[in-house]
Amino acid sequence: MAVILVAQYYAQTGKGDVVADALLEMVPLVKSVEPGCLVYSASRSIEDPDEFLLYEVYRDEQAVQAHRVTPHFQRLIEGKIVPLLERRDRHLYVPLQ
């Protein structure tokens, strides 16, 4: 069953450009090397340039777990982005069918 992950990133004040650059690097890597990730979309708030929304759809829970251990996730999300965040909210969903 598909798994949907919605995450909101709240960067430290003024760090939004650095987070945006890392996300711009992340998106094509996920799309090119993670067949279990069906959708990976990152957006930046119009009202607050330090706030981001990620919308991700995975084939199953195993694909979510595989995503979290990829070198690009470790380097860009855990290594670059997370240290710049004030807060990160993540929620998992399953489609209603």
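## Close-up views of a predicted chain

**View 1. A salt bridge between Glu 78 and Arg 88.** Glu 78 and Arg 88 form a salt bridge in which the closest N and O atoms are 3.8 Å apart, a salt bridge being a side-chain nitrogen of Lys or Arg within 4 Å of a carboxyl oxygen of Asp or Glu. Because Glu 78 lies in helix 3 and Arg 88 in strand 4 (residues 85-93), this pair ties together parts that are ten residues apart in sequence. Helices (H or I, at least four residues) and strands (E, at least two) are DSSP runs, and they are numbered from the N terminus. Glu 78 counts as partly exposed at 29% relative accessibility, and Arg 88 is also partly exposed, with a relative accessible area of 24%. In these legends, buried means under 20% relative accessible area, exposed means over 50%, and partly exposed lies in between (1.4 Å probe, protein chains only). The model is predicted, so that local features need pLDDT of at least 70 and side-chain atom pairs count only at pLDDT 80 or more, while totals for chains, interfaces and linings use all residues. Residues are numbered from 1 along each chain as its sequence is written, and side-chain values use heavy atoms, with hydrogens and water left out.

**View 2. The chain as a whole.** The secondary structure of the chain comes to three helices and four strands, and from the N terminus on the elements run β-α-β-β-α-α-β. The radius of gyration of the chain is 13 Å, close to the 13 Å that the globule rule gives for 97 residues, so the chain is as compact as a globular protein of that length. Here the radius of gyration is taken over C-alpha atoms, and the globule rule is 2.2 Å times the number of residues to the power 0.38. The C-alpha trace spans about 40 × 30 × 20 Å along its principal axes. Of the 97 residues, 37% count as buried. Contact means heavy atoms within 4.5 Å, and among the contacts in the chain with a separation of 6 or more, 73% are between residues 24 or more positions apart.

**View 3. A salt bridge between Glu 25 and Arg 75.** Side chains of opposite charge can pair when their charged atoms come close. By the salt-bridge rule, the count for the chain comes to five. One of these joins Glu 25 and Arg 75, whose closest N and O atoms are 2.9 Å apart. This pair links distant parts of the chain, with Glu 25 in helix 1 (residues 16-33) and Arg 75 in helix 3 (residues 71-81), 50 residues apart. Glu 25 counts as partly exposed at 31% relative accessibility, and Arg 75 counts as partly exposed at 39%.

**View 4. The surroundings of His 67.** His 67 is found in helix 2 (residues 61-68), where it counts as buried at 3% relative accessibility. Leaving aside its neighbours within four places in sequence, His 67 is in contact with Met 26, Val 30, Glu 34, Tyr 40, Glu 56, Tyr 58 and Phe 73.

**View 5. Val 30 and His 72.** Val 30 is found in helix 1 and is buried, with a relative accessible area of 0%. Not counting residues up to four places away in sequence, Val 30 touches Cys 37, Tyr 40, His 67 and His 72. His 72, for its part, lies in helix 3 and is buried, with a relative accessible area of 8%. The residues that His 72 touches, again not counting those up to four places away in sequence, are Met 26, Leu 29, Val 30, Val 33, Glu 34 and Ile 77. Although His 72 and Val 27 are 45 residues apart along the chain, their C-alpha atoms are separated by 9.9 Å.

**View 6. Ser 41 on strand 2.** Ser 41 is found in strand 2 (residues 37-44) and is partly exposed, with a relative accessible area of 31%. Apart from residues up to four places away in sequence, Ser 41 touches Leu 53, Leu 54 and Tyr 55. The C-alpha atoms of Ser 41 and Val 6, which are 35 residues apart along the chain, are separated by 9.8 Å.
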